[in-house]
Amino acid sequence: MEDIDTVRCTPAYEDAIFEDLTWLGLQWEQPVRRQSDHFEDYADALDTLQEAGLVYPATLSRAALKRTIASAQASGTEWPRDPDGTPLYPRDERNRPLAEQKIIAAGDEPFAWRLNVDAAMAHLSVASVYWPTFDPHTGEISEAKGDPTAWGDVVVARRETPTSYHLSVIVDDALQGVTHVVRGKDLEMATSVHRLLQMLLGLQCPVYHHHDLVLADDGQKLSKSRHDTSLASLRASGIAPHDIRRMVGLDARRPA
């Protein structure tokens, strides 16, 4: 259960997730691993990255970052963006002296621990990363290739929370012995970041499959922020579990 945001994650949302998954016919091991119960595991992984000198405290707020980007663009500079179109974080804070970084880390001001992706790639002496990818229709496993530097210096933890999505999921997978990861295609390119972190931490790499997405009429990904149809709403409208599986390309067969 991805509940590192203990404010936004509520019992009602958890119940809805379990209800949806049960309706889809999925089963899982008990008890369910709850990320908020395992901050020490993520803190240990963060310590490893810190000891290797691969992370740094980044202090720019969203507002300050937006002003920095606007100023650069006003002067004619095209700001680099990640594959999803999000502006990359500037590299200036990478080079803060270690003593200054320690002062920031020990202070009360908010900051995020960001991975110095170029230093991480140099640490491993690699130019790209690779991971096994699974085709559920043919049963074949091939090799996918990615470039983590395209995502810039991603957040791996924050001052008040010793983890982030990127860090916690790869630690969870390793500790639970996960062999196959199934996600939507919207996360396919970001797998390069997860593979990089696995390599840095010496963690086993699962086999990945990224399924098709159920898209809105305009071709955009369904989103709560756009008030798009939820799985519960589709269920209430008469959609069956096999319809959902077919919509995401996991099961083209209808039951007899």
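This is a short walk through one predicted model, from a helix to the cores and then to a few loop details.

Okay, some ground rules. Since the model is predicted, local features need pLDDT of at least 70, side-chain atom pairs count only at pLDDT 80 or more, and totals for chains, interfaces and linings use all residues. Residues are numbered from 1 along each chain as its sequence is written, and side-chain values use heavy atoms, with hydrogens and water left out. Helices (H or I, at least four residues) and strands (E, at least two) are DSSP runs, numbered from the N terminus.

Let's start with helix α2, residues 39–51. Which residues of α2 are buried? They're Tyr42, Ala45, Leu46 and Leu49, where buried means under 20% relative accessible area and exposed means over 50%, with partly exposed in between (1.4 Å probe, protein chains only). These four cover an arc of only 100° around the axis, so they sit on the same side of α2; the arc is that of the directions from the helix axis to the C-beta atoms. Why does that spacing work? An α-helix has 3.6 residues a turn, so residues three or four places apart point the same way. Turned away from that buried side are the exposed Glu40 and Glu51. The cover over the buried residues includes β1, β2, β5, α6 and α7.

Now the largest nonpolar core, which has 27 residues. By that I mean buried Ala, Val, Leu, Ile, Met, Phe, Trp, Tyr and Cys residues joined through side-chain atoms within 4.5 Å. Leu115, Val156, Leu167, Leu197 and Leu200 touch the most other members. The largest share, five residues, comes from α7. There's also a second, separate core of seven residues, including Tyr56, Ala72, Trp79 and Tyr89.

And α7 comes up again: the chain crosses from β6 through α7 to β7. That β-α-β crossover is right-handed, i.e. clockwise from first strand over helix to second, with the strands pointing away from the viewer. β6 and β7 run parallel, joined by five bridges.

Last, the loops. Between α1 and α2 there's proline 31, joined to glutamine 30 by a cis peptide bond with omega about -5°. Serine 125, between α5 and β3, has a positive phi near 60° without being a glycine, and is exposed at 67% relative accessible area.

Notes
Pairing = 2+ DSSP bridges. Contact = heavy atoms within 4.5 Å.
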